[in-house]
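Here's a quick briefing to read alongside the model. Have a look at the structure first, then work through the points below.

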Amino acid sequence: MKKGMSVLITMLFVFTVLLSACGGNASGGDNGKKVINVALWDENVRDTLDKSIKIFNEKHPNVQVKVTYTPWADYWTKLRTSLAGNSGPDVYWMNGPNFHSYASSGLIKDLSPLIEQSGLDTSVYTEALVDMYTYQGKLHGLPYFQDSIGLYYNKELFDNAGLSYPDDTWTWETVEENAAKLTDKTNGIYGYIAPIDNQIGYYNFIAQAGGFVISDDKKSSGFNTPEALSAFKWEQGLIDKGYSPNAQQQLETKSRQLFGSGKAAMFPGISVNSPELHKLLGDKLGVAVLPAGKQKASIVHGLSWAINGKTKVEQESWELLQILSGKEGQELLADSGFSMPAYKGTEGGWLKSIPSLDLQVFVDSLEFAVPYPVSQKTAEWQDAEVKEIQAAFLGKKTFEEALKNAGEQMDAILATETK
Amino acid sequence: MSSPITVTTKPPEMPKRKVGKLARHEALWGYIFILPVVLGLGLFYMAPSAASLFLSFTSWDGLTSPQFVGMDNFTNLMKDDKFTGSMLNTMMYTVGTVPLSVAIATVLAVLLNQKIRGMVFYRTLYFIPVITMPIAVGMVWKWLYNSEFGLINHVLGVLNLPQPNWLFDEKFALFSIVLVSVWSSIGYNAVILLSGLQGISSSYYEAASLDGAGTMYKFFRITLPLLTPSLFFVLVMSFINSFQVFDLIFIMMDQQTTMLESTRTVVYSIWEDGFKYFNMGYASAQAFILFVVILVITMVQMYIQKRWVHYQ
């Protein structure tokens, strides 16, 4: 009998251990309150989010908002598996490259009926972002914050060369002329960094040359076009003349580090780089809009809040979204200096976050914003694209050949997208 | 119905029925003791492996339900340059790592088997890379390899030797990673071989000395043959580990770069397809092929061990 008991206890013990290991986090509110589960990755936004939730709770005292921060490395895997298992968050952060894959699987709620119902005016958000989060003509995410590309420069190096700072009249030609004068080979100073990266580099230049990366219908690639080729030829010219570090140097040492250590006079960078570059260069740091090719263009990317397509608290989640991405929430976000808010006219606080830097440049760049190119299989064609284009920058093949390959591979991947 | 254990532990005059009951009782306890391991293996190894095998015949994005596609994943893999390239890289990596690591570890084990002061310290020293996190190893070596600011090229520069771009030149990249993995695996292999060395009876050496055998003769005629069981184990494990390498490449290479063409391994490719593109079926098919390759290589090793492994 005694042995029988211990067998039973052993079995119970084993199963308890197993069950506690497998157990998920049960979502139930305290005191029968309704619960909204929110998921995102960046803890730097915690203060702003807490303040916004406080505003929400003043209006909705009976709803509890539970926020989970998952580090970027695990965020997408966790989000995908939890949504597939019907236990995902009600409200979550969405980015451009992943948007179409989620929207086409019905994991994101179409916001258009809710927008209509509450009479929300979506024209207050940057158009490029509204485009980015529109799937089949309907908005699926409410934009939260954004970044654009500008031309950072080192004032000290310009002063030493006796040149005037870049401004909005600059073009590709002006860049080359000035880069020639700023390049100082004996001291290892480059006039310009022609990035081999896409977001800060060739995505902008292709658009400035009048080309595109992905067609509006997301069915064809724009890499194999004369416009795209001219953008790369311009970049390669600057590298060949020694005005810019070459591809191998850029592969090994990130161009941002090179510029931050005062080894380059001009560097196209993202608005979110401002705090880091300011820390490194202090008041020597300046910024201007990107010089124009045939036309002006600046790649804009931003995040939005999405609602789980299967949420049980749709109305409450929608109310929360309107506060987070509404005027009040966006002003809070700007004041924290975290990033440029997506709501037009709320950026005042963000502009003041680095007094010595003219951050208004990034807001002005939104006038000629081009959305960061995305589709359902963004990661897949981007890898193919980067592989070909880096090989060309490294001199292993011509840009003509690389762009042809990149275009063909991207077209083939786009053809397998379902929708 | 009696098992050998019960026959030896119980007096012969005990009735057979009672003995049988005890045997059953003991068997029950045996099952209970292995239950946690069996459950753990079943839940975390067997079930996922079976699921993965099933998924390899489907197309699954992790969101919608899997679609059965038959052999499509496998036929596509044979045409996929990325996969065949990664298989080739993995083989080159293995051919580079395993012999080098095992050879150095053997010599090191012999050296560490001597009786000198502070031997524990040296043994610890060589084992440290094994217990160091691969992330830390990768990050530190990435800096050592830096072509402009790295220690390795600095030393080469002082000696007036060529300074290659270790990680960002496709002629060197895989070789550079092989060096790091050899460095970090020597310690583990050496410890296994060291325990093998200590199991060799000193009487063989005494007898050989009396017959006038030299150091090299003793090494090749006594040490090496008697070390073959340990060498066999080390070889099998090294092959398996090499075929599954992922972390060093993940840390030392950018995630979007043409350099991956010459450094991408099969497991890296599985990760890319599975957790970057979310083509779970396609990734599972690669995992299954890798499993078969490792299985075949291990079976071949088991088969040819008869010719060179000497058990005492």
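**Chain B layout**

Chain B splits into domain 1 (4-55) and domain 2 (73-308), with bounds taken from an automatic or database domain assignment. Between the centres of these two domains, taken over C-alpha atoms, there are 38 Å. This is a predicted model: local features need pLDDT of at least 70, side-chain atom pairs count only at pLDDT 80 or more, and totals for chains, interfaces and linings use all residues. Residues are numbered from 1 along each chain as its sequence is written, chains are lettered from A and ligands numbered from 1 in the order written, and side-chain values use heavy atoms, with hydrogens and water left out.

**Salt bridges**

- Over all chains, the structure holds 18 salt bridges (a side-chain nitrogen of Lys or Arg within 4 Å of a carboxyl oxygen of Asp or Glu).
- One of them pairs Glu276(A) with Arg256(A), at 3.0 Å from N to O.
- Glu276(A) sits in helix H13 (residues 274-281) of chain A and Arg256(A) in helix H12 (residues 255-260) of chain A, so the pair ties together parts 20 residues apart in sequence; helices are DSSP runs (H or I, at least four residues), numbered from the N terminus.
- Lys397(A) bridges to Glu388(A), with the closest N and O atoms 2.8 Å apart.
- Glu388(A) is buried, at 5% relative accessible area, while Lys397(A) is partly exposed at 23% (buried is under 20%, exposed over 50%, partly exposed in between; 1.4 Å probe, protein chains only).

**Helix H14 of chain B**

- Val300(B) is found in helix H14 (residues 280-308) of chain B.
- Val300(B) is partly exposed, with a relative accessible area of 44%.

Terms used. Helix = DSSP H or I, 4+ residues; strand = E, 2+ residues; numbered from the N terminus.
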